[in-house]
Amino acid sequence: MKKHIVAGIVGVTAGLLASTQVAAPLLAQDSGRNANVYEQLDLFGDIFERIRAQYVEDVEPSELIEAAIDGMLTSLDPHSSYLSPDDAAQMRVQTRGEFGGLGIEVTQEEGFVKVVSPMDGTPADEAGVEAGDFISHVDGESLLGLTLDEAVDLMRGPVGSEIVVTIVREGETEPFDVSIIRDTIKLTAARVRTQGKAVVARVTTFNDQTTPNLTEGLEKQIEEAGGLDKIDGVVLDLRNNPGGLLTQAIKVADAFLEKGEIVSTRGRNPEDGERFNATEGDIINGKPIVVLINGGSASASEIVAGALQDHRRAIVVGTKSFGKGSVQTVMPLRGDGAMRLTTARYYTPSGRSIQALGVSPDIVVAQPRRAPDAEEEEETSSARRNRSEADLRGALNNDSLTEDEVRQIEEEREAADAAAKLRDEDYQLAYAVDILKGLVALKP
């Protein structure tokens, strides 16, 4: 026993000596690092004063300092930035769901401005701007070399004014111009409708209106259908949804989950990590869900899709999502400005980080592009396909069916025709509706 105690004391003593020997150079290294930082701050001060004194034009010192702060933040990643007092006020308005502009969510990729997604029913959406487009010029002025905030500033303007953006699109050989009239963007965060026996919930953004819009819309459509037993399930359409508030993403996922983790965030320090769990209660009582995503589905959309996919609560259909797996915290600053800083990455319940990877759908379904003259050709071929026995001269009548049976067959035929029409209008949505129909057909 004594030998063990002695060995323990010697071990502690040796440990203390080693710690002292290591700590001294570490402290010296830290002091050297601080001295280097102070030297660089002095250099910043020298440059600042030389600009004020010798630049060809007079510049506002406050603008120089704001530009320096913004440059420091934007050098970290595409989502960190400085918000001037005006920008901070506009951001607070956006989270409430009404603001002025074009209606596009943009990011920066290798110095180019890239459209994450156009928002439904906005000027950009109606003008034909698509997710994945690159904006190279605004009113003839190149965006190359500008920060994202500077590019966004060029796109802002009075409601009713015209802006011409030059688009570079994959598959197009030449850039082309698109004229857009700026408008006040009023977003209905979620629109819910019935398609056949499926309830389709289209969520366009995650702001303060999202959860109330979604839950109220679902309740109304289910009630009009005659109750949950009368529907096949829900299609949650998150295509071209650029994200928004983390809290709203958690609430939307929670609406369909009874228990389990929804998302976790992990920051620089392990103790800063958070886990968000579902509470009891599924608003559609276990009915099947199909989630639609595409390359314009980002951030909060990916949290919802990833959570429902990991819990096997939904089948995810479409194409790979955008891959924004980081969390930004907006921190108020003196003078009513704010700083948007990336503070954490988020992870799906299975521990997946989707940063730069995105959510991969369970079933990959691309939205086909229609050729300009495809509609006329399709109508001709459809007319040929639709010929049947009943069209033949002298065909026998079917008099073995009752009027109710004939009516039921006609209703089923109308539903099939409506489904075929939907495939022409929105192939991905039609695919999702068909999946719900198939899941219900397989039930005992």
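**Entry 1. Overall make-up**

I began with the secondary structure of the protein, which comes to eleven helices and 19 strands. Helices (H or I, at least four residues) and strands (E, at least two) are DSSP runs, numbered from the N terminus. I note that this is a predicted model, in which local features need pLDDT of at least 70 and side-chain atom pairs count only at pLDDT 80 or more, while totals for chains, interfaces and linings use all residues. Residues are numbered from 1 along each chain as its sequence is written, and side-chain values use heavy atoms, with hydrogens and water left out.

I looked up burial next: of the 444 residues of the protein, 36% count as buried. Buried means under 20% relative accessible area, exposed over 50%, and partly exposed in between (1.4 Å probe, protein chains only). The protein exposes about 26400 Å², of which carbon and sulfur atoms supply 52%; the areas come from the Shrake-Rupley method with a 1.4 Å probe, and for residues only the protein chains shown count as cover. Among contacts (heavy atoms within 4.5 Å) with a separation of 6 or more, residues 24 or more positions apart account for 66%.

I traced an open sheet of six strands, in the order 10-11-12-15-16-19 and with mixed pairing. Two strands pair if DSSP finds at least two bridges between them. Strand 10 (190-195) and strand 19 (363-364) stand at the edges with a single partner strand each, so one side of each lacks a neighbour in the sheet. Helix 6 (residues 210-225) packs on this sheet and touches strand 10, strand 11 (198-203) and strand 12. The direction of helix 6 makes about 20° with that of strand 10; axes are lines fitted to C-alpha atoms, for helices over the stretch in contact, and angles run from 0 to 180 degrees between N-to-C directions.

Within the sheet, strand 12 (residues 233-237) and strand 15 (residues 289-293) run parallel and are joined by four bridges. L236 stands opposite V291 in strand 15.

**Entry 2. I284**

I then located I284 in the loop between strand 14 (274-277) and strand 15. Is I284 buried or exposed? I284 is buried, with a relative accessible area of 0%. Not counting residues up to four places away in sequence, I284 touches I222, L228, V234, F256, I289 and R313. I284 and L218 are 66 residues apart in sequence, yet their C-alpha atoms are 8.5 Å apart in space.

**Entry 3. Partners of strand 18**

I followed strand 18 (residues 338-347) through its antiparallel pairings. Three bridges join strand 18 to strand 1, and L83 stands opposite A338. Strand 13 (residues 261-267) pairs with strand 18 over four bridges, with Y346 as the bridge partner of T265. Strand 17 (residues 326-332) is joined to strand 18 by seven bridges, and M331 has M339 as its bridge partner. The hairpin of strand 17 and strand 18 has five residues between the strands, and there G335 takes a positive phi near 80°.

**Entry 4. Helix 5**

I checked which residues of helix 5 (residues 148-155) are covered: L148, D149, A151 and M155 are buried. They span an arc of only 160° around the axis, which puts them on the same side of helix 5; the arc is that of the directions from the helix axis to the C-beta atoms. Their cover includes helix 2 (61-74), strand 1 (81-83), strand 3 (104-109), strand 4 (112-118), strand 5 (134-138) and strand 7 (162-168).

**Entry 5. Salt bridges**

I took a salt bridge as a side-chain nitrogen of Lys or Arg within 4 Å of a carboxyl oxygen of Asp or Glu; the count comes to 14.

- D237 and R239 meet in a salt bridge of 2.8 Å, N to O. D237 is buried at 5% relative accessible area, and R239 is buried at 8%.
- D237 and R239 are linked with D120, R202 and D426 in a network of salt bridges.
- R156 and D153 meet at 2.9 Å, N to O. R156 is partly exposed at 31%, and D153 is partly exposed at 41%.
- R52 bridges to E49, the closest N and O atoms being 3.8 Å apart. R52 is partly exposed at 43%, and E49 is partly exposed at 43%. Both lie in helix 1 (residues 2-54), three residues apart, about one turn of the helix.
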